[in-house]
Amino acid sequence: MRDFVIVHVNGAAHRIAGEQLFQTLSRFLRESLAETGTKIVCEEGDCGACTVLLGKHEEGVLRYRPVNSCIQFLFQLDCTHVVTVEGLTKGGQLTPVQDAMVATHGAQCGYCTPGFVMALAGVFEETPAPVADQVRCGLTGNLCRCTGYEPIIRAALETRDQPLIEDLYPGEPILAAIREHERIPVLTSKFSKPSDLESAIAFKAEHSSTVIVQGATDVGVWRTKRQFPLDAVLSLDAIPGLREVNLEEGVLSVGGSATLAQFEEAVRDRVPELREIMDRFGSPQIRNAGTLAGNIANASPIADSLPFLFVTESAVELTGRSGTRRVAIGDFYLGYKKLDVQQDEIITRILIPLPAPGEILRLYKVSKRSHLDISTFTAGFLLRRSADRIESIRIAFGGVAPVVLRLPRTEKFLAGKQIALETFQQAGGIARTEVAPISDVRGSKEYRLRLAETILSKFYWEIEGPSPDVPQSLSPDHVHR
């Protein structure tokens, strides 16, 4: 047992203990290490100015991915290697991506520049010669308000021979230090990182205020913006098996510690409709840190993964002192922010029956920004058709009630009906009666009611397409998605 964590930064090991465990990485870099190239701007994981590369031990190597250091706590970073913008420069010599940013005039005020450089370095970790679309995807989580994005994208496309982090920091010495500590549990008065599930269950059972922190993409913001108390924190990082993602007989099993990036990779080719939604609701920095279990446990009625989980009738696996049980996702939410979870239970897996061949999946997200924004309204449809008739359909809406809703009366009305615009328009009227939205900063009650109604027509147009004699005013382009 140890009462400290080991965090490597730019090749050097740092031993962290006591209250400093609860410091954010960005603050530690700037205030303790004087590594001030990492900027703090929004401090909520939204702008990307604080981006660093985080290296974790995976199958015998260190794999580096960009994360937002402003919402990563030091206790999360045990046995990892952090590379900052200073760490890309060896002996005062800029790396090619930094040189390209200068040559293409990719910076003006400079606040966002270190984050862009690190995000681009993360892109090159994945591919040595990225194309424009890959660069744009890699920069989704980075905002610039004065330079503009084209010079930055051009910098990436003109970069040649960008060294990998392995070239700058040979992995074996760092891995040797990580292996020395990674299987030793960490326990302090407020933080536990056990190496087995039984110890994790015991800690949670004994501390009523336990917060399980994996990606901290929500808790980090609560802490920096609301001073959220962290009196008992549990990490599941060292527990074998909880990061695994497996497919067996059409059911995808996602471990309780598996990141959204792992989930995204697993569904990339199998469920492209979900992959598109995931690309919109989180930046690479967020998906590399956040977990699917966290998105579920946060219990937001606008959580973007939930409509998919509801229409696939997924289940949450919970493990506690009494053993393991499974709860259907539709039964997991008892009310706003209320879950069917006992004090000693931990989410160990999410079980997702993937859409079968012949089933039609559609997912929708309405938000003020196209990418990286909180949803106003979400929806999911899973349809099985027989010729021109609806054999069965599942519908789930988010943002229209304290929890995500299935629409049983609308589903019952549609079952067996002919696939026609009039049918879905009538179903939209029924759907409107099954929801109870409120007005808030993202949209009015009436706006959400209208979305709940018209999304049925949009779904029809997407699966059927307009016929030549349909007026242009009714084409899918005129329906808000």
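Predicted model: local features only at pLDDT ≥ 70, side-chain atom pairs only at ≥ 80, totals over all residues.
## Nonpolar cores

I352 is also among the residues with the most contacts inside the largest nonpolar core, together with F263, I296, F308, F381, F397 and L456. This core comprises 71 residues. Its greatest contribution, nine residues, comes from helix α18, which spans residues 445-464. Another core, of 31 residues, lies apart from it and includes L139, I165, L175 and I178.

## Packing of α17 and α18

Helix α17 (residues 421-433) packs with α18 at an angle of about 155°, and their axes are 8 Å apart. Because angles over 145 degrees count as roughly antiparallel, α17 is roughly antiparallel to α18. Their crossing is right-handed.

On the α17 side, the contact involves L421, F424, Q425, A427, G428, G429, A431 and R432. Their counterparts in α18 are E446, L449, R450, A452, E453, L456, S457, F459, Y460, W461 and I463. By class, the contact of α17 with α18 holds eleven nonpolar, four polar and four charged residues.

## Packing of α10 and α11

Helices α10 (residues 260-267) and α11 (residues 272-281) have axes 9 Å apart and pack at an angle of about 150°. These two helices are therefore roughly antiparallel to each other, and their crossing is left-handed.

L260, F263, E264 and V267 of α10 meet P272, L274, R275, M278 and F281 of α11. The contact of α10 with α11 consists of seven nonpolar and two charged residues, with no polar ones.

Terms used
Residues numbered from 1 in each chain as written. Heavy atoms only, no water. Core = buried A, V, L, I, M, F, W, Y, C linked by side-chain atoms within 4.5 Å. Buried < 20%, exposed > 50% of the residue type's maximum accessible area, 1.4 Å probe, protein only. Helix = DSSP H or I, 4+ residues; strand = E, 2+ residues; numbered from the N terminus. Axes fitted to C-alpha atoms, helices over the stretch in contact; angles between N-to-C directions. Parallel < 35°, antiparallel > 145°, perpendicular 65-115°, else oblique. Left-handed = near helix turned anticlockwise from the far one by under 90°. Contact = heavy atoms within 4.5 Å. Nonpolar A, V, L, I, M, F, W, Y, C, P; charged D, E, K, R; others polar.
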